[in-house]
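Have a look at the picture first, then read through the notes below.

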Amino acid sequence: MLLCMASNQQTRPGIGELAKDSARGRIGVVMGDIGGRVQIRPIRGGKEWDAIPDNVVALSAREELSARLAVKNGNSQVGL
């Protein structure tokens, strides 16, 4: 028997996955959750911020590709 999720049902990203804080419009990597908040770190590193769990959503395929490409492009500029 094949089970399918409803197309509008989303799962919250897990630790180490890319996620979007929809309240701030920022994308980062989920680092964990403490005190009822999700901690997210910018993709290129830096200081984590706390997000309300309901505002943390998985990226669309387009958002994820764009974020990963931005990191690659940034990394290619380092040695110049």
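**The overall layout**

Going from the N terminus, the protein chain's elements come in the order β-β-β-β-β-α. That makes five strands and one helix. Keep in mind that this is a predicted model.

**The chain as a whole**

- The protein chain has 80 residues, and 22% of them count as buried.

**How the strands pair up**

- β2 (residues 26-34) and β3 run antiparallel, joined by six bridges.
- One of the paired spots is I34, whose bridge partner in β3 is R37.
- These two strands make a hairpin with two residues between them, and G35 in the turn has a positive phi of about 60°.
- β3 also pairs with β4, again in the antiparallel sense, over three bridges.
- Here V38 sits opposite A51 in β4.
- The β3 and β4 hairpin has six residues between its strands, and G45 takes a positive phi near 95°.

**Inside the core**

- Which residues make up the largest nonpolar core? There are seven: A19, V30, V38, I40, W49, A51 and V56.
- β3 (37-42) and β4 (49-51) are the elements that give two or more residues to this core.
- As a rule, nonpolar side chains in soluble globular proteins tend to be buried together.
- Leaving out residues up to four places away in sequence, I40 touches several others, including W49, A51 and V56.

Terms used:
Residues are numbered from 1 along each chain as its sequence is written. This is a predicted model: local features need pLDDT of at least 70, side-chain atom pairs count only at pLDDT 80 or more; totals for chains, interfaces and linings use all residues. Side-chain values use heavy atoms; hydrogens and water are left out. Helices (H or I, at least four residues) and strands (E, at least two) are DSSP runs, numbered from the N terminus. Buried means under 20% relative accessible area, exposed over 50%, partly exposed in between (1.4 Å probe, protein chains only). A nonpolar core is a set of buried Ala, Val, Leu, Ile, Met, Phe, Trp, Tyr and Cys residues joined through side-chain atoms within 4.5 Å. Contact means heavy atoms within 4.5 Å. Two strands pair if DSSP finds at least two bridges between them.
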